[in-house]
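Here is a short briefing to read alongside the coordinates.

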Amino acid sequence: MEKIILQQPQNETPETGVPQIFSEAVTQPAFKKFFLEIYSITIFTLRFLKEVLKPPFEINELAKQSFLIGYGSLPLIGITGFIIGLVLTIQSRPTLAKFGAESWLPAMVAVSIIREIGPVITALIFAGKVGSGIGAELASMNVTEQIDAMQVSNSNPFKYLVVTRVLSATLMLPILVVFADAIALSGSFAGVNLKGHISGYLFFSQIFQSLEFKDLFPAFIKTFLFGFAIGLVGSYKGYNSNKGTEGVGKAANSAVVFASLMVFIIDMIAVQITSLFQN
Amino acid sequence: MTSNLTSIKTKLEETQNGHFVLRMEHINKSFGNNTVLRDINLIINKGENLVILGKSGTGKSVLIKCIVGLIEPDDGKLIIFGRNIFELREKDLIEVRKKIGFLFQSSALYDSMTVRENLEFPLKRQFDKIPKENINMLVKEALQNVGLAEAIDIMPSELSGGMRKRVGLARTLILKPEIMLYDEPTTGLDPITSKEISNLILEVQKKFNTSSIIITHDIECARLTANRIIVMKDGVCCAEGTYTDLENSPDVFVRAFFE
């Protein structure tokens, strides 16, 4: 419909030089769509909060999803964590060496990884793997009428599919982040030993001396929020996907994009809140 | 037209005698500017197979999705077992829905579950604390009813189109519905399998005394299964009668289905 409008004679707006009909056709629906999406995801979140507390609880499905989401992500998260630790150490060494602060390398890498890089990078990988997986799975169930089939057999598809997946993502991501941090520090240890020698005992005791509760606690708490956002966005995009195979691809894609964006927004807010308490 | 009115009058008389299980009155449904259902009135009697014929996109599937509550009509009445379901509370609505089975066009089997788990899924959610032995017995019985007892531990992806329909039917029958809704049960199947599914629909009608609505554009399926046929065109019921009545209809559109 909008394309037809674009082909009609166009009056230009004096301020921007953009054809008036063009700007209205493009901006108004996009604006409206954005707010409708915000409204829709708010309703979806409220429904989740209502359903999560209401029995019966789908414990078996929750355990199954936690296994698939958590255990299934271990290899990818592990490899990525190791590489991050290794690369960060190799890249930081020359700069620290310039200032004669090479001995600070383990402490600096540990604080960077545990406070910021570990949670954010793991959450982004998690969004790519789990967020898109949930989006695509639920969207394909929607396309093949499996969600409708659950509904007509008097089951609650929202509780069975959405609540379990969001909860699993919320609970599994913090565990994966702890795992990724540990592997990343091992990678850092390998990195330090590529150009020099430091014992494992000395390396890790330097790390533990440099870390404080205020480094660990906020970083751990925000991973629950990342996991919740990724599970929720993936489920929302899949559960409300358009019918047709195109809807599956779109749901998976937009789940990753939106979930990654949410990770950065939550991180920004979490950092602001943390710094308020630290000052 | 006269025969339609006579038929509807007869059905209304039967309704007053308490023979009907489902009655739709003045159902309308639009999606934006697109009106899909226009003033639909129909009745299904106990133990009857009602076939709804029509071209693709005439609102047949929307009609039966309104019955199970997957789509909410804009207005009208839907009386099932004497109760207008649009006036029921959620709890009562669930009780009514328990008596309705729905076979989806795509069978809608849960891909991540085996055939056994597919059949167990509605059972476990319908009946609290049902013993495991009873579940096993009911699952085996339902699969035997559709001739697929050997497929119990197979994943849906390993089943053929016809087998998927049978498993879908078994999953629906396991809850012993009184009304069955079939959404294009033979679409995408070869003629032999289509005939098998049509015979299975008849078998279900006889064995469980179900009342059914069968949405189809497969005339052979309609011939085999229908006690009564309604033809839909542009969201309106344009003709009603038995297979023979409609086969000899003076209406060119209606007759086109039977040629």
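Chain B of this predicted model has a secondary structure of ten helices and ten strands. Its radius of gyration is 18 Å, close to the 18 Å that the globule rule gives for 259 residues, so chain B is as compact as a globular protein of that length. Along the principal axes, the C-alpha atoms of chain B fill a box of roughly 55 × 45 × 40 Å.

**The open sheet in chain B**

- Strands pair through backbone hydrogen bonds, either parallel or antiparallel.
- In chain B, four strands in the order β2-β1-β4-β5 build an open sheet, and their pairing is antiparallel.
- The edges are taken by β2 (34-45) and β5 (83-84) of chain B; each has a single partner strand, so one side of each is left without a neighbour in the sheet.
- Strand β1 (residues 20-31) of chain B pairs with strand β4 (residues 75-80) of chain B in the antiparallel sense, over five bridges.
- If you want a place to look, B:Asn28 has B:Asp75 in β4(B) as its bridge partner.
- Helix α2 (residues 60-68) of chain B packs on this sheet and touches β1, β2 and β4 of chain B. The direction of α2 makes about 65° with that of β2(B).

**The α6/α7 helix pair in chain B**

- Two packed helices are described by the angle between their axes and the distance between the axes.
- Helix α6 (residues 161-173) of chain B and helix α7 (residues 191-208) of chain B have axes that come within 10 Å and cross at roughly 15°.
- With angles under 35 degrees counting as roughly parallel, that crossing makes α6(B) roughly parallel to α7(B).
- The crossing of α6(B) and α7(B) is right-handed.
- From α6(B), the residues that meet α7(B) are B:Gly162, B:Lys165, B:Arg166, B:Leu169 and B:Leu173.
- On the α7(B) side, they meet B:Thr193, B:Glu196, B:Ile197, B:Leu200 and B:Val204.
- Sorted by class, this contact has five nonpolar, two polar and three charged residues.

**The contact between chains A and B**

- How many residues does each chain bring to the contact? Chain B gives 15 residues and chain A gives ten residues.
- On the side of chain B that touches chain A, the elements giving two or more residues are α3 (90-97) and α4 (115-126) of chain B.
- The largest share of that side, four residues, comes from α4(B).
- The residues on the side of chain B that touches chain A divide into ten nonpolar, two polar and three charged.

Methods
Residues are numbered from 1 along each chain as its sequence is written. Chains are lettered from A and ligands numbered from 1 in the order in which they are written. This is a predicted model: local features need pLDDT of at least 70, side-chain atom pairs count only at pLDDT 80 or more; totals for chains, interfaces and linings use all residues. Two residues are in contact if their C-beta atoms, placed from the backbone, lie within 7 Å. Ala, Val, Leu, Ile, Met, Phe, Trp, Tyr, Cys and Pro count as nonpolar, Asp, Glu, Lys and Arg as charged, and the others, Gly among them, as polar. Axes are lines fitted to C-alpha atoms, for helices over the stretch in contact, and angles run from 0 to 180 degrees between N-to-C directions. Angles under 35 degrees count as roughly parallel, over 145 as roughly antiparallel, 65 to 115 as roughly perpendicular and the rest as oblique. A crossing is left-handed if the near helix is turned anticlockwise from the far one by less than a right angle, and right-handed if clockwise. Two strands pair if DSSP finds at least two bridges between them. The radius of gyration is taken over C-alpha atoms; the globule rule is 2.2 Å times the number of residues to the power 0.38.
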